[in-house]
Number of protein chains: 2
Amino acid sequence: MGDEEFLASYDPRAYDPVAVAIDVVALTIRDGALHVLLVRRGVPPQEGRWALPGGFVRSGAHAEGLDAAAARELAEETGVHADALDRVHLEQLAAYGAPERDPRMRVVSVAYLAFAPEMPEPRAGSDAADAAWTPVPSLGLTGHGSQRPGTTRRLAFDHAAILTDGLERARSKLEYTALATTFCAPEFTIPELRAVYETVWGEELHAGNFHRKVLSVPGFVESTGATSDRGGRRGGPRARLYRAGDARLLHPALLRPSREEEIR
Amino acid sequence: MGDEEFLASYDPRAYDPVAVAIDVVALTIRDGALHVLLVRRGVPPQEGRWALPGGFVRSGAHAEGLDAAAARELAEETGVHADALDRVHLEQLAAYGAPERDPRMRVVSVAYLAFAPEMPEPRAGSDAADAAWTPVPSLGLTGHGSQRPGTTRRLAFDHAAILTDGLERARSKLEYTALATTFCAPEFTIPELRAVYETVWGEELHAGNFHRKVLSVPGFVESTGATSDRGGRRGGPRARLYRAGDARLLHPALLRPSREEEIR
DNA sequence: CTAATAGTGTCTGTGAGACAATATATC
DNA sequence: GATATATTGTCTCACAGACACTATTAG
């Protein structure tokens, strides 16, 4: 049987139905704290709970690829428009497909990870009752994909586990890529960049060593020649301004100080 | 509307059908060359072409998770049995969902990456006309997800791109994890371990420096006290035997010598 | 015997991290 | 003026890579 003959006799509905969804872990930094974009579900199941923005991948006549679906969901369900999206880094995180993760039917979700500079408060989209940048520490994540008892905003489905994976990926990506600059405005100071690392990693870094290290990595940042119009928050000289360089990977890498625990 | 009421009225077949498949990039080392497990397709579409082993995820009554589906496909379509599987490392690679990647219907495939020690020749499973460990260099990969013109074994669908991604992931994983030992027998010598790195990375390493480096990373290997019963291939003293240690991550990492090209 | 290899020792350059010093902001 | 901060300098230790050396095995 040739391909044409086979395809004519092929019935896609002969199998048990499966849906493919997209969920986006969109991270940004606001007021010196790491925030994740959440929407409050306006429809069942789990109506009223907070969840990662997402939805089903379009198939059939208006079929779209996974990357396109993720960009669309991020824009659509939050009011972040396409022109702001090109300053957002978007990459695939992982696929989640436990049989009982969604009560409606078998849903396999492809999660994406987004790094965004500071953005306006989102407005809720179609199926969402609300949308908000939410401080990650307020979610009480345990590090094992669950939330501590008593946390106010319980996440829907397995979204706590997806978010945990996204955070770990983000922490790791800052080590060996130049993506920390995507959390910053187009022009930024080294102390601002250091604040990004400190916020995502959750540890304080040595200001002097960090400064020298960033400037020593080729292509990480390039000088604008200009100087910030204000000094540090609580005093100090004005810092020089930089923009992102052309390096995608940091070499040598900027490693987290303490990860002894994770080795074994 | 509550969850129960909503679910009773929910019709999964209202959407355009999508299938979720698994594809496995299974790598091993044979005769000093990197090999990937391929099956020759015994059914349309692309009947007769070589492809990554895989199949559709089971849904409905005998639903399985993604990891379980990958392990089942690897065992089923190749005759690698469950007892041999526990010496295989299996991890998720990425999801591929371009709308036209499969002519039958919309198929989103979740690819897995497997590292296996030397194994017997596979036997073809249900839908496969043949199965074989295939030398990766013989596939003429370009590094951009395509194959050089004139290559004998053209891979089906987008499997050349998936394989390219899997190889890059494998190269990268050897740098900062202890997974190189999963390519080896339970007891191995440092020169054998070095051969794994040289084969996957495609570059020769300095024997003396590699030896000292491996022993200096805590938990990478542990001595068995025994000694190999033969010397090197073309002479030299017998090497000492080691087994895999308890470290999952290498600290400090074992970096590839030359990756200047990939930075920008 | 000859050639290749396992394993160790040594040296040098780079870079990370601790600490210090100075100038310049904020409050 | 008191204090915090940006930036640069210095020192030390760890480590990667180059090279050298010895003992041991295959052919």
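Visitor: How far does a polar side-chain atom of N209(A) lie from a base nitrogen of DNA strand C?
Guide: The distance is 2.9 Å, which falls under polar contact (a pair of N or O atoms within 3.5 Å; within protein, one must be able to donate a hydrogen and the other to accept it, and residues adjacent in sequence count only if both atoms are side-chain atoms). This is a predicted model, where local features need pLDDT of at least 70, side-chain atom pairs count only at pLDDT 80 or more, and totals for chains, interfaces and linings use all residues. Residues are numbered from 1 along each chain as its sequence is written, chains are lettered from A and ligands numbered from 1 in the order in which they are written, and side-chain values use heavy atoms, with hydrogens and water left out.

Visitor: What does the side chain of R212(A) approach?
Guide: An N or O atom of the R212(A) side chain is 3.3 Å from a base nitrogen of DNA strand C.

Visitor: And which part of DNA strand C does H211(B) approach?
Guide: A phosphate oxygen lies 2.9 Å from a polar side-chain atom of H211(B).

Visitor: Switching topic, how is chain A divided?
Guide: Chain A has domain 1 (15-171) and domain 2 (177-262), with bounds from an automatic or database domain assignment. Their C-alpha centres lie 27 Å apart.

Visitor: How much area do the two domains bury between them?
Guide: About 1,100 Å², 64% of it on carbon and sulfur atoms. Buried area is the accessible area (1.4 Å probe) that two parts lose on being put together, summed over both. In domain 1 of chain A, I29(A), F115(A) and R171(A) lose the most area to domain 2, together 47% of what that side buries.

Visitor: How many salt bridges cross that interface?
Guide: The rule finds one, where a salt bridge is a side-chain nitrogen of Lys or Arg within 4 Å of a carboxyl oxygen of Asp or Glu. R256(A) pairs with E168(A) in a salt bridge, their closest N and O atoms being 3.4 Å apart.
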